[in-house]
Amino acid sequence: MQNVRVFFRKTGDARFLSHLDVMRCFTRALKRSGFNVWYTQGFNTHIYLMFASPLSLGFESEYEPMDFRIVDDEPVAESEVVERLNSGLPRGLTVFAASAPEHEHTDAAFSEWEIRVSGDADAMSSSFREFISKDEIPVTRKNKKGVEKTENAVEYIKKISFDTEEGCLVIRAVLKSDTSSSLNPSLLLNTFLNEYGLRAEDIRITRKSLLLQDLTIFK
Amino acid sequence: MNETVFNRMLSAVQKPARYTGGELGAVYKDPDSVDIRFAFCFPDLYEIGMSSQATQILYSVLNKDDSIWCERFFAPWFDMREQMLTEGAELVSLESRTPLNKFDVIGFTLQYEMSYTNVLYMLELGGIKLFSRERGEGDPFVVGGGPCTCNPEPMAEFFDMFSLGDGEETDNEICHCIAECRRKGLDRRQTLIACASIEGVYVPCLYEPEYLPDGRLKGYNALDGAPALPVRKRLFMDMDKAPYPLDPIVPSMSVIHDRPSVEVLRGCIRGCRFCQAGFIYRPFRCKDASLICTQARALIDNTGYDEISLLSLSTSDHPHLEDILDGLIDWSVEKKVNLSLPSLRVDSFSGTLAQKLRQVRESGLTFAAEAGTQRLRNVINKNITEEEILSGCEDAFMNGYTAVKLYFMLGLPTETDEDVLAISALCQKIVDLFYSLPNRPKGRSVTVSASVSCFIPKPKTPFEFCGFNGVEELRRKQQMLVGSVRSRKIDISYHDSETSYIETVLAKGDRRVHEAVLAAYREGSIFDGWSEGFSYEKWLEAFRKSGIDADFYALRERDFDEFEPWDTVDYGVTKSFLKREYEKATKAQTTPNCREMCSGCGVNRFTGRECFAER
């Protein structure tokens, strides 16, 4: 038995696939690949898949890790995993690397995001400068029981910078995303847009990478 | 289409993956490399359309042709419609996001009558003129296919042509014919006449209906250049050679029928008199058992699904079902693939076959009893006895099942209140049977659910002469049935009779009925097959506004010698056969299945041989 970790991109139209859809696509791609993959042993047996940090519907990503297991111990070539999986995936889901896992899923601590907001870039950028200079940015979300809870987003922001590019406000942020708590970039963005009464023409949110506590890359 | 606008729309809807395309198996071509761009339109949601084998087969057959690029369109759900109206966006294809009006040929599949308003909805969102007569040089040709074309008349004003029967070859021939006419510089009318000479193609504008003073049809006048009526449906006889996609599109999101299928046979030998499919898909043709197994394996290898179903009207009528199961059961266990076998008849299992089936069948047990009394089952030629149902249930209970589902219809010809009450009585007998078994599953209770639909007398069946039972009368019967249930183990669910009434009008209508379809669409009717879309009030208003007398079409008993709207098209079964069957029905006489005895339905006029002759 060996653990295999693949890294894939979810780009373009594939960002409109839900996490459940992505799981189903990978299940089929693995079944189709012919690798002798490990199935869970429960009543409803299915191919074992583990995602480090599920991505919200509508977000793109350039760095998504996913684990599965191969029953036999004979090592499989990285290129073979990549090639066989890609031939069975829809457009926009692309595996670009495969290796033995280096870190535990619980080691993932931060996500690096790029948020592109098209609209009045100048107005947005001056407002955003003010927005992120505050010591306290209250964001409100509902927990699983539907109870609203307000927290200070600043505690979740490790790094943040912004720029304007071709009529876009481009925000680069490293936000907390470990297994216990995380900040969804769209919550931060919507709080900003609402507070300043700004309207976005289009929003594109991309996870650029997944990071460890010391901000090195999760592998 | 502007990408920013498209993104904005998709970000605002519930299930954006319905509109993106890009699935495994989707075909992309260089638009400049093809002669004909074909828009395959399924007038319902993506999840429904992608569950249809028609979509997969036609998409594959058309795209195998280097001179054609077939792309897909589905009906946008209400949330997407709102976005499109707000943004002023047109309906675009899934593959290249090209607007519908940029295509050469638009092919709609008409799978059920309640999708008719969605045809208009999609045409209008795509910037296509609704009426065939309004479309001119350079406009796309709108083609209809699918089971509903066995009475194409209610939609005839909106379509340039219909492809009748098996569509595997016809659509490509239509494309080639249109491309050829364009090369020759022929105008639209000449092109339509050229297409009319393709086997199985009906061009409605070449025939003018004439009516009697009492409103019934008198007949049709063929215009210059029109082939004689009736137009025969197209048949693809050799199922072993029928093109079948083994690398189908695999939807990335979950769809209704989320597994590949192998078609095992086409047509049906049973001749149940209410069943339109049982008549319009004649003759009975089956695929070779080993080919079925090869195709099933290839489909799983190519798609990665963990489930596959065998598709047909009656899988147990395949003469070599045992070979098919032998070829698939061990493989499916080894491959961890779930084999799903819908459409099995309880009466056709031998001992060993039943044993084999038990290995694959894990879902609940269903019986299509269709009627409560033996007399009424004889009327509809549903040759299943109460004894068979009860012994099937007993067998199931002994094997650990505790849930049984039965299908029935209300409003069948000659039905009395006694027949209706017999439905709940039969359900009660099954409950009693369960508790009478000493070896029943212990500690568990039984559930008998009956799903009761409203009978719709459809064209090309022996009941085409009959009227619909009526909205109120069906409601009375439903109430009576529900009121007669004495056990909490029995769960009765029934269909809304208003939808069935409208469906009858659309199924049996003539060319004038298009005015009601248009009026209903103008009232805001779309997605009539969905509770979210259907509005009886809108349809009644549409009938008032268009002056269409719905009862005239739905409720009236028709004379044997009346010229019917669907007599323009020949699906094989002859009028004289349907009359004979109707008369036998009224006397509660059954007809043996085709394998036992040929009843002379007439389809072998097309094939030139007996269906079950020694080969």
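1. Residues 24 or more positions apart make up 77% of the chain B contacts with a separation of 6 or more. Two residues are in contact when their C-beta atoms, placed from the backbone, lie within 7 Å. For chain A, the share from residues 24 or more positions apart is 72%, again among contacts with a separation of 6 or more.

2. Basis of the model. This is a predicted model, in which local features need pLDDT of at least 70, side-chain atom pairs count only at pLDDT 80 or more, and totals for chains, interfaces and linings use all residues. Residues are numbered from 1 along each chain as its sequence is written, while chains are lettered from A and ligands numbered from 1 in the order in which they are written.

3. Overall build of chain B. The chain holds 21 helices and 19 strands. Its radius of gyration is 25 Å, close to the 25 Å that the globule rule gives for 615 residues, so chain B is as compact as a globular protein of that length. The radius is taken over C-alpha atoms, and the rule is 2.2 Å times the number of residues to the power 0.38. The C-alpha atoms of chain B fill a box of roughly 75 × 65 × 55 Å along the principal axes. Of its 615 residues, 48% count as buried. Buried means that 20 or more other C-beta atoms lie within 10 Å of the residue's own; exposed means 12 or fewer, and partly exposed is in between, with C-beta atoms placed from the backbone.

4. Overall build of chain A. Here there are 4 helices and 10 strands. From the N terminus on, the order is β-α-β-β-α-β-β-α-β-β-β-β-α-β. Helices (H or I, at least four residues) and strands (E, at least two) are DSSP runs, numbered from the N terminus. The C-alpha atoms of chain A fill a box of roughly 55 × 35 × 30 Å, taken along the principal axes. Buried residues are 33% of the 219 in chain A.

5. Domains of chain A. Domain 1 spans 2-101 and domain 2 spans 106-212. The bounds come from an automatic or database domain assignment. Their centres, taken over C-alpha atoms, are 28 Å apart. Ala, Val, Leu, Ile, Met, Phe, Trp, Tyr, Cys and Pro count as nonpolar; Asp, Glu, Lys and Arg as charged; the others, Gly among them, as polar.

6. Strand pairing in chain A. Strand β1 (residues 2-10) runs antiparallel to β3 (residues 60-70), with 8 bridges joining them. A:K10 has A:S61 as its bridge partner in β3(A). β1(A) also runs antiparallel to β4 (residues 93-99), with 6 bridges. In that strand, A:T94 is the bridge partner of A:R9. Strands pair if DSSP finds at least two bridges between them.

7. Helix α4 of chain A. In this helix (residues 185-195), A:P185, A:L188, A:L189 and A:F192 are buried. They sit on the same side of α4(A), because they cover an arc of only 95° around the axis. The arc is that of the directions from the helix axis to the C-beta atoms. These buried residues pack against β5 (108-118), α3 (121-133), β6 (138-142), β9 (168-176) and β10 (202-212) of chain A. A:G197 follows α4(A), with a positive phi near 60°.

8. Helix α18 of chain B. Which residues of α18 (residues 536-546) are buried? They are B:W539, B:A542 and B:F543. Their arc around the axis is only 100°, which puts them on the same side of α18(B). B:E537 and B:R544 are exposed on the other side. Cover for the buried residues includes α16 (497-508), α17 (514-522) and α19 (550-554) of chain B. Just after α18(B), B:G547 takes a positive phi of about 70°.

9. Interface between the chains. Here 21 residues of chain B are in contact with 21 residues of chain A. On the chain B side, α1 (3-11) and α9 (289-303) each supply at least two residues. The largest share, 5 residues, comes from α1(B). By class, the chain B side has 7 nonpolar, 9 polar and 5 charged residues.

10. B:K429 counts as partly exposed because it has 16 C-beta neighbours inside 10 Å. B:K429 and B:Y582 are 153 residues apart in sequence and 31 Å apart in space, C-alpha to C-alpha.
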